[in-house]
Amino acid sequence: MGKVKTFSGGTHPPGSKDLSSSGAIERLPAPELVRVSLCQHLGAPSKPLVKKGDSVTRGQEVAEQNGFISLPTHSPVNGTVVKVEDAPMPHRRSGPSVLIKTESEEGGRVFEPWEEFRAHSPEEIIERIKKAGVCGMGGASFPTYVKLSPPPGKEIDTLILNGVECEPYLTADHRLMLEQGEDVILGMEMLAYALGVENPVIGIEVNKPDAIEHMESLGATVVPLKVKYPQGAEKQLIDAHTGREVPAGGLPLDVGVVVQNVGTAKAVVQAVRDGMPTMERVVTVTGRGINEPSNLLVQVGTPFSELVEAAGGYADDVVRLINGGPMMGIAQYTDDVPVIKGTSGVLALSSEEARQSVEAPCIRCGKCVDACPMRLVPSLIARSAEYEQWEQAERQGALNCMACGTCSYICPSGRYLVHYIKRAQEMIRALKKKEA
Amino acid sequence: MAESRTFELAMSPHVEGPRTTRKVMTDVVIALLPAAAAAVYFFGLRALLLVVLSVAAAMAAEYLCLKFMKRPVSFALDGSAAVTGILLAFNVPSSVPWWIPILGSAFAIVVGKQAFGGIGHNIVNPALLGRAFLVASFPVLMTAGWPAPSGYSGGTWSTSGISQERLAEIPGADAISGATPLNLMKQTFDEEGMETRMGEGAPERVREELSSPSTYWNLLVGRIGGCLGETSGILLILGAAYLVARGVLEIRLPLSYLGTIALLGWVWGGAGWFDGDPLFHVLAGGVLLGGFFMVSDMVTTPVTKKGRIIFGIGAGVITMVIRRWGGYPEGCSYSILLMNLVTPLIDRYTRPRALGEVRQDG
C-alpha cells in the first residue's frame with residue numbers, strides 16, 4: 001500500500017457503514033411495475049420513443065438521446081408500456097418517465113458483446129458507452145461518454161477510478177469492489193483505453209482495507225486515501241492524488257484528469273463486454289430506520305418501497321427517507337419514487353439519527369472556514385445570502401461551492417449553511433441569465 | 001406490491017456534528033475555572049462573591065432582554081452570558097463594591113450584546129465593553145487600589161510581584177507600595193520622575209527586580225496584585241490548553257497576539273530600544289487572560305486564518321503602544337476593543353483563495 005493521501009479541510013462524520021458493509025449483494029427481482037425515469041442523467045431528458053400499449057423488451061431503447069449532454073434510456077424489463085407521464089423523482093420534484101408492466105426480465109443483450117475490447121477503436125468504445133446510456137453511478141449522473149470525449153487540445157494523462165465512497169452509510173461501491181473486483185478493473189482498463197491513458201489508479205479510503213487488499217491482489221494500482229469527508233468529491237480526490245487544482249468553474253479535464261466511479265466502470269463492462277445497456281445498479285438500503293440493511297442489485301425503475309420491503313421493512317422510529325447518503329442525499333416525501341442510475345443508497349434514518357437541530361445565530365467560530373474543502377468562508381456567504389446580497393455572495397466565491405454539506409454538518413449553531421449558499425448560487429445564476 | 005408511505009422533508013445534510021454552541025460555551029466556562037479558583041485563593045471569598053454576582057447579573061440581563069424582545073429565552077442558558085459574566089468579574093479588582101460587577105455585567109449584556117441583536121451579532125467583546133464602561137465611570141474604584149494577594153495563600157506578598165525582602169532593599173520603596181507590576185514598569189518609563197520620588201538609580205533597580213526569576217515566578221503563580229482573573233499565568237495557560245485540546249480555541253489568535261507582545265516588549269518595553277524584557281511583558285498584566293479568552297472570542301474576531309493572525313498582531317501593537325506611551329499602564333482591553341471594530345474589514349480582505357480559484361485582482 002502506498003502513502004495515504006488526502007486534501008485540506010473536511011470533517012469526520014461517523015461512518016455507520018458496518019450496518020451494511022458485510023452484506024453480500026443480493027439480486028432483487030424486478031417488480032410488477034417499473035417506472036423508468038427519462039431524466040436519470042444530468043442534462044436534457046431523453047425523448048420517449050414508445051407510447052401506451054407498446055410492448056418493449058429488456059434493453060430496448062425506450063427514449064432517445066436529446067442533445068450533447070443527454071443519454072438514451074432503456075427498458076430494464078420485457079413488458080408493456082402502461083403510461084408515459086411525469087412522476088415524482090428521487091432527485092427532483094418530478095420528471096418524465098415510462099411506466100412499464102413487467103412480464104419477464106430475461107435478455108437485455110441488445111449490442112454485440114465485445115469479448116476483446118482492444119479489437120475496437122477507442123471511438124467505438126465511447127460510442128458504445130453512449131448508446132448504452134452509461135452515466136456516472138456515484139450520484140451526479142454525468143453522461144460518461146462526454147467525460148471520455150475531451151475537446152481538442154485537452155490532454156488527459158490521469159484516470160482515477162473513484163472507490164472512495166466517503167458518504168457515510170453507503171457500502172454499494174465497497175461490495176462491488178469486493179465481489180466484482182475483476183469487472184471493476186476491466187472497466188477501468190476500458191476507460192483508460194478509451195482515454196488513451198496509461199496506468200489508471202483506483203482511490204479507496206483506508207476504512208476499506210479488504211477492498212484495498214483485494215484490488216491490489218488483482219493487480220490494480222490503489223491510491224489509499226485518508227478517511228475524511230468529502231474525500232470522494234472529484235476536485236478533492238484529484239487534489240489528493242495529483243496535487244492539481246481544478247480551476248474554479250472548470251472541469252477535471254482542464255488539469256488532464258478524468259474521474260470515474262467504480263460503479264460506472266462496472267456499467268462500462270456491461271455495455272462493452274456484455275452488450276447490455278445500463279439497466280441495473282447496486283443500491284445500499286440502510287440506516288437505523290431499516291430492519292435489515294442490505295446491498296441490493298436492482299433494476300432501474302424499481303420503487304424505493306420495494307427495496308425497503310426486501311430489506312426487512314422500516315423500523316418503528318423511521319422518520320426520514322433519503323436518496324443517496326446523509327451528507328448530500330435528498331429527502332423523499334414518498335417512497336413511491338423509482339431507483340435511477342445515480343441512486344447509490346436508499347437511506348432510512350431513525351428519529352435518533354436524523355438531524356433535528358433548530359438554527360441558532362452564527363457565533364463566528366470559524367469551524368466552517370477551517371473545514372470547507374473548497375476553502376470558502378461559508379458563514380459569510382450564508383450571511384450575504386440571508387440578506388439577499390447576491391453580488392456580495394458571488395464575490396465571496398459562492399459559485400465555487402459544491403454543496404458537500406461539510407459546513408452545515410460541523411456548525412455548532414446548527415445552521416443550514418449549504419442551503420443558504422445553494423440559494424445564493426441559484427439567484428446569482430438567475431441574475432446572470434437576466435443580464436445576458 | 002409494497003405499500004407506499006410518506007416522510008418528513010428536510011435539507012441536507014441529514015446528520016449533524018456533535019458540537020453545539022452550549023458545549024462550546026461550557027468548555028470556555030470550564031477553562032476559566034482554574035483561574036477563578038486562583039482568584040479565590042489569592043483574594044479570598046470575596047472574589048467568589050464578585051464572580052457569582054457578575055454571572056447572575058449577566059444571565060438575568062440576558063433573560064430580561066430576550067423576554068422583552070420576545071425572543072427565545074432559552075438563549076440565556078446557552079452559556080454565552082455566563083462566559084461574559086465570568087470575564088467581566090475577572091476584569092475588576094477584588095476591592096470593588098458588590099454592585100460594580102452587577103452593573104458592569106448588565107451593561108455588557110444590554111448595551112454590548114443584546115442591543116446589537118444578541119449572541120453572534122455583537123461587534124465588540126461585551127465583557128470588555130462592560131469593563132471600559134466601569135473604568136470610565138468609576139476610575140477610582142476600578143484602578144486606584146490593588147489589594148495584595150493574601151487570601152488563603154498565607155504569607156505576605158507585594159502587589160508588584162517583587163518579594164518583600166527585595167522590595168525592602170530598594171530605596172524609597174514606600175513610594176511604590178500597592179503598585180502592580182505593569183504600574184511599576186510604567187513608572188520606570190518616566191525615569192526622572194521616579195528618581196525624584198525614590199532616589200538615584202531607582203528605575204534601574206526596579207527593572208532589574210521586575211525581570212528577576214522570583215518575580216517571574218510570582219507572575220506565573222499569581223502572587224501579584226491585579227484584576228481577579230488575570231493574575232495566575234499558569235492557570236490561564238492550563239485553561240487555554242484545555243480549550244486547544246477540545247478544539248475550541250483557535251491558537252493563531254493568542255499566539256500572534258502574545259508573540260507580538262513579546263517582540264514589541266523587547267523592542268520598546270525597556271529603558272531604551274531593543275533591551276526590553278519579552279517574558280515580563282507576556283506574564284504581567286492582563287495579556288494572558290486577554291490573549292486566551294478575549295482576543296480569541298469567536299464572535300468579535302475574524303473567521304479567516306490569515307485574519308486571525310492580523311487581528312492578533314494588531315491588538316498586540318496597540319497593547320504595547322498603550323503600555324509604553326499611553327495613559328494607562330495596561331492596554332490589553334482597549335486594544336481588543338479597537339481591533340473588534342475592524343474585524344469585518346479584516347474578514348473581507350483576508351478571504352482565502354478558493355480551491356482552483358485564480359485571483360484577478362492580485
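The model is predicted: local features need pLDDT of at least 70, side-chain atom pairs count only at pLDDT 80 or more, and totals for chains, interfaces and linings use all residues. Residues are numbered from 1 along each chain as its sequence is written, while chains are lettered from A and ligands numbered from 1 in the order in which they are written.

Start with the sheet in chain A. Four strands build an open sheet, in the order β2-β8-β7-β4 (chain A), with antiparallel pairing. The edges belong to β2 (33-37) and β4 (55-56) of chain A; each has a single partner strand, so one side of each lacks a neighbour in the sheet. Strands here are DSSP runs of E, at least two residues long, and helices are runs of H or I, at least four residues long; both are numbered from the N terminus. Two strands pair if DSSP finds at least two bridges between them. Strands of a sheet pair through backbone hydrogen bonds, either parallel or antiparallel.

Now follow β7(A), residues 78-88. On one side, β7(A) pairs with β4(A) in the antiparallel sense over 2 bridges. A:Ser55 has A:Thr80 as its bridge partner. A:Val56 is bridged to A:Gly79. Strand β8 (residues 94-104) of chain A is also joined to β7(A), by 10 bridges, and the two run antiparallel. Within this pairing, A:Asp86 stands opposite A:Pro96. A hairpin of 5 residues links β7(A) to β8(A).

Turn to chain B for a helix pair. Helix α5 (residues 126-137) and helix α17 (residues 332-341) of chain B have axes that come within 10 Å and cross at roughly 125°. The axes are lines fitted to C-alpha atoms over the stretch in contact, and angles run from 0 to 180 degrees between N-to-C directions. α5(B) is therefore oblique to α17(B). Under 35 degrees counts as roughly parallel, over 145 as roughly antiparallel, 65 to 115 as roughly perpendicular, and the rest as oblique. From α5(B), B:Leu128, B:Leu129, B:Arg131 and B:Ala132 meet B:Ser333, B:Ile336 and B:Leu337 of α17(B). Contact requires C-beta atoms, placed from the backbone, within 7 Å. The contact residues divide into 5 nonpolar, 1 polar and 1 charged. Ala, Val, Leu, Ile, Met, Phe, Trp, Tyr, Cys and Pro count as nonpolar, Asp, Glu, Lys and Arg as charged, and the others, Gly among them, as polar.

Finally, look at the backbone. The A:Tyr229 to A:Pro230 peptide bond is cis, with omega near -5°. A:Pro230 lies in the loop between β11 (221-225) and α6 of chain A. Chain B has a cis bond between B:Ser12 and B:Pro13, with omega about -5°. B:Pro13 sits in the segment before α1 (21-43) of chain B.

A:Ser16 is a non-glycine residue with positive phi, near 50°. Its place is the segment before β1 (25-27) of chain A. A:Ser16 counts as buried because 22 C-beta neighbours lie inside 10 Å. The cut-offs are 20 or more other C-beta atoms within 10 Å for buried, 12 or fewer for exposed, and in between for partly exposed, with C-beta atoms placed from the backbone.

Notes: Contact = placed C-beta atoms within 7 Å.
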